[in-house]
Each structure stands twice: as C-alpha cells, then as structure tokens.
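Please walk through the model shown below, beginning with the surroundings of its ligands and then turning to the way the chain is divided.

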Amino acid sequence: MSANIQDRIKEKVDYIYQRLRTQMSSIGSSTTSDKHVFFVFGASGDLAKKKIYPTLWSLYRDGLVPENIHFIGYARSQLTTEKIFENAHKYMKVKDDEHEAYEKFLKLNSYVPGSYDKAEDFEHLHSETNKITKQPTAHRYFYLALPPSVYDSVSEMISKHCRPESPGLLRLIVEKPFGKDLESSNKLSEHLNKSYSEEEIYRIDHYLGKEMVQNIIVLRFSNKIFSRVWNRDSIAAVNIIFKEDIGTQGRGGYFDEFGIIRDVIQNHLMQILSILAMEKPRSTTGEDIRDEKVKVLRCIAPIKLEDVVIGQYTGDKESTDPEHQEGYLDDKGVPKDSTTPTFAQVVLFVNNERWDGVPFILRAGKALNEKKAEIRIQFRDVPGGMFDDNIQENNPNGKLARDELVIRVQPNEAVYLKLNTKRPGEMDFSIEETELDLTYKERYQDVKLPDAYERLILDVFTGSKINFVRSDELQEAWRIVDPVLAEIDKKKIPVIPYKFGAVGLREAFAGAAKHGYIYTGTYVWKDERSGSITSPYKDKERTKSNAADKK
Ligand SMILES: NC(=O)C1=CN([C@@H]2O[C@H](COP(=O)(O)OP(=O)(O)OC[C@H]3O[C@@H](n4cnc5c(N)ncnc54)[C@H](OP(=O)(O)O)[C@@H]3O)[C@@H](O)[C@H]2O)C=CC1
Ligand SMILES: O=C1O[C@H](COP(=O)(O)O)[C@@H](O)[C@H](O)[C@H]1O
C-alpha cells in the first residue's frame, strides 16, 4: 500500500482503537494492555489459505491489527502452523524486505486441532487460548471459514465454551451462504440469535468491501449533479453485471447445491442494488445506512418467472484452452444430469415513488468471455428530434445514444459517463459518443486499493458494521428470490446451454431490451479501444442478438 494512503488509514484506525479503549475503560476493562485473539475456523481450507491468512498478514504488516494480538487456527485436520503457512505460501506475497516482519507474524500464530461438535474440544481450545493470552478477558474474533453444514454446531460450541470473560468482546464472522432459501436462512438466524446478540454477528459479503461498491454512497450523496437525476424521471434502466471467465474449477460440488442466483445475485448484486436505490441515510453510521437498505428491499416484489433467464455452460470443444473445453457437467463434483444454472438474469422493480417502472436488470454468469463487475445506469432518451440529421451513420437505432453512467467495480476500477459530443473538427453538428472518464489507475497512480477482505476484517476489529449484512436485509433479499428459486429447483424453468467463453445469452440481452435497456453497440470504452481487454461490443453473437432484439 502506498505510504500516503497507509498513513491515512493507520491514523483513522489508531483513532478508532483509542475510542474503543476509552469505551472499554468506562466499563471497567483494562486499556492498552487489552489482548486480542483472532480465530480462523476451517484453517485447513481453501478460503483460509487464499484469503484469510494472506489478509491477516497484510493487516499485520501495515500495522492495522490491534497491539497484543494472537491468531489461532482451528480445524479437524492434524496440522501444524508450519504446514498451514506452507500451504498458503503462494498467496501470502511476502516481499524481499518483509521477511523479518513475516517471521514475527508467524510467531503470533498457533494451531489447535479439534472437532466441530464436541464440547471437550472447544473447552480445550478455550483453555489453550487462556494459556496463550494469560488474560481471560482478551477480546475474541471468530472467523467461520467453514462449510455452512457445520455453522450451527460450531457457533453453539463457541458461545457455550469459548466466550471471553466479561468485559472481553466477542465477534463472530460468518461467511456466506447464509442459508439456501428464506426458511433455512431464517433458521440459521434464529439459531445464531439464541447464542449471540446481533451486535456480535458480522455477516460477510465481500462485495461490500470493494472500493467501487463503497464509493456508490459517496458518488450518489455528495454530488448534487447526481441527486437531481437519480430517479424514474431521468433513469430508464439499471444494469448490474457480474461476469467471470472461469468455470467452477473443481468447486462444482459446492456450487451445484446453490447455483448462480444464490451464489452471486441474492447477495453481491442485491447488496449493490440496495445501495444504488436506497434513500439518503440520516448519517454514515452502520445502522442508518442499513435501515435505508432494508427499506428499499421491502419495496421489491418477488421476481416474476417471465423475468428470469438461466443458463449452464458447456465445453467449447474448438477452444485451444483446455479449461474452456470442459463444461459444467464435466466438473467432478457435479451430477451428470444437473440443471443448476451457472448463468442467470433477473429483473427487479422497486415499487416506490423514486423508482416505479424502472427495471433493475441483474445478470451474473460463470465461464463467460471476461471477468468483470459493473453497474450501468442508463438515462432516458433526449426528447425532440433536433439532431436527427446529425447522428453518426453507424448508430443502428437512428436515434441519439442514451447517456450512461458506468461504475466499473472490477477489474480496472473506473467511473465514466457516456455522453454525446460534437465530433471534433466537423463543421456541422455531427455527433459522436464519448465519455467523461475517471479511471483510477490513471487518476490515482500512487494508490493501491486495499483488498475487500482487508477492509472487512479491519472493520471487524474496529467494530464498524456498515459493510456487513444485517439479518433483516438478508431476510428481504431471500424473500425476493425465494419463489423463483423454488421453481428453478423444481426444474420449471428451461436452462439454456451456452459455450464456455460466450459473451452472454441472447435470451438475456433480449430480456433486457424488452424492459427498455437499449444497447446500441456503437460505443467502445477506451480500455477496449486500446485492446487491453476483449470488447464484448465487437462480439458477433452480441451483434446478432442486438439485431434480433430490434426486429
Ligand atoms: N473458497 C472460496 O473462494 C470462498 C469460500 N466462501 C465460503 O467460505 C466458507 C469456507 O469455504 P472453503 O474454505 O472453500 O471451504 P472448504 O471446503 O475448504 O472447507 C474449509 C474446511 O472445513 C472443513 N470441512 C470441509 N468439508 C467439511 C464437511 N463436510 N464437514 C465438516 N467440515 C468440513 C475442512 O477442514 P477439516 O477437515 O480440517 O476440519 C476444510 O479444510 C464456505 O462457507 C464457503 O461458501 C465464500 C467465498 C469464497
Ligand atoms: O462469493 C463469490 O464470489 C466469487 C467472485 O468474487 P470476486 O471478488 O473475484 O469477484 C465467485 O467466484 C464465487 O463463486 C462466489 O461464491
């Protein structure tokens, strides 16, 4: 991280820890000598190796963890700390001049093996923790990097046997999926509520830790230019898009139980939608923001069947890339007759005064032509035909292209506004599409954006809940997708095959067009112009579907 931004974050974090110490001292706790223990449950697993340990290391390296901290890994496997870090080595990204700090970090780690359901194992963990900290009131943070099947027993055991003595804090960090549907999610919430206060539970949706998702609130509410137009009078459609250029890569066993709607749309995309559509919160506190997110979700009716397109990828036998030759059904963990969607598009409507009639088109797919997440806010047509004679010849609509605000979440974070301009140098009113462009890597060259998990784990330490999902938000998000998921599970909706590497599904583009999202295909963003990524706009399939949409 650049010195500049790191200093700024550190200053802020020091201030927050200072506040925390003051609060703790007011309820009788010791202050600077407070100890902290961060537990990684499922320490032997994929998420722990790829994300959690690397994040803990980078926070430690940057001085962003509390002083007096210890990390304890826990899982059933008979492992050692050395083995865990050996497995995680390639993800830790330790630079040449960081070895000394890394050795110190390793010394702060321990591993305790144990089951996920036996009281004696958790009592053992508790006593080991007390031996390490020599402080029974040490604050304890439990990260459940575990399959959801063991959440119930693990959370219960932690609460019964591993709570710190008062006034030590406990924070339980839970990874998605939070259930499979409304009923199972409610059950999980009820179960957690028996042992924990809502204050103690941190439900992670890592999209809430992404720079551009966090930026939506600032863009919307700190710019007068947007506040006036952020409504149905000016906005024709909103498109929220998630694309991956990889398949399930051996995680098919997990994925097949869930499918793309549960995996990405119900959580990441719906969270983005709620921030895009909510009313202005009273303040930047977690509760005020989450209150507004819930309010807007309550205005959304369950998705209608006719507004759903689902697909499943097949291998592209002509591809030179061996990964592309494998279809979803070739993934070892996937039953050969699976109809689980790996692509889905759903259309939602927010039934309130601001958004009535504006389609929010949420599209997510694996094994497509590129990795990308972005939000496209398309504005309405300019009325009157003043420029009808001046529109560039290749505009297939024969109309002025609509303005579009694009928030590029990843990769290559950017905000750009597509608009029309006079074609430079022309003597008449020839018009062409261009952009006002804020591309981060150009504008903020010395800034390295922190990873989503870094921000979120930092939030856990500092007790900030803005970027975590509250149980009522979760409940509303499930309510919206639940009926359509039931129909998909009953195989009532046709699953359209698409080839690994496709731009998308023609049926989905047609569905978006039906709801008024106009794709002209005449604009190419500069990243695509420079050829650094493949332009979906040049893709034949997309152009075909566009032609079909217009018929
Ligand atoms: N991996 C990723 O990229 C992402 C994962 N997640 C979520 O994070 C959580 C952990 O994911 P991930 O690390 O991939 O999971 P893993 O399958 O790697 O499981 C983590 C650990 O849990 C234990 N475990 C595995 N299967 C079972 C089982 N059936 N019963 C009991 N224990 C089991 C194993 O440890 P041991 O046998 O040693 O006890 C394993 O090392 C999940 O909820 C997942 O959905 C979310 C986003 C991304
Ligand atoms: O939660 C999930 O997200 C990842 C994509 O995350 P990103 O930060 O790389 O965009 C996705 O691959 C996975 O299936 C899903 O569970």
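In this predicted model, ligand 1 has 20 residues around it, and those that come nearest are Gly-45, Leu-47, Ala-75, Arg-76 and Ser-77. Helix α2, which spans residues 46–61, contributes four residues to the shell around ligand 1, and this is the largest share. When the residues of that shell are sorted by class, ten are nonpolar, while five are polar and five are charged.

Ligand 2 is surrounded by His-206, Glu-244, Asp-263, Val-264 and Ala-373. The shell around ligand 2 divides by class into two nonpolar residues, one polar residue and two charged residues.

We can now turn to the chain and its domains. The domain assignment gives domain 1 as residues 3–175, whereas domain 2 is made up of 208–380 together with 450–550. Between these domains, 13 residues of domain 1 are in contact with nine residues of domain 2. On the side of domain 1 that touches domain 2, at least two residues are supplied by each of α1 (3–26), α2 and β5 (170–175). The largest share of this side comes from α2, which supplies four residues. Sorted by class, the residues on the side of domain 1 that touches domain 2 comprise nine nonpolar, two polar and two charged.

How values were computed. Residues are numbered from 1 along each chain as its sequence is written. Chains are lettered from A and ligands numbered from 1 in the order in which they are written. This is a predicted model: local features need pLDDT of at least 70, side-chain atom pairs count only at pLDDT 80 or more; totals for chains, interfaces and linings use all residues. A residue is near a molecule or strand if its C-beta atom, placed from the backbone, lies within 6 Å of it. Ala, Val, Leu, Ile, Met, Phe, Trp, Tyr, Cys and Pro count as nonpolar, Asp, Glu, Lys and Arg as charged, and the others, Gly among them, as polar. Domain bounds come from an automatic or database domain assignment. Two residues are in contact if their C-beta atoms, placed from the backbone, lie within 7 Å.
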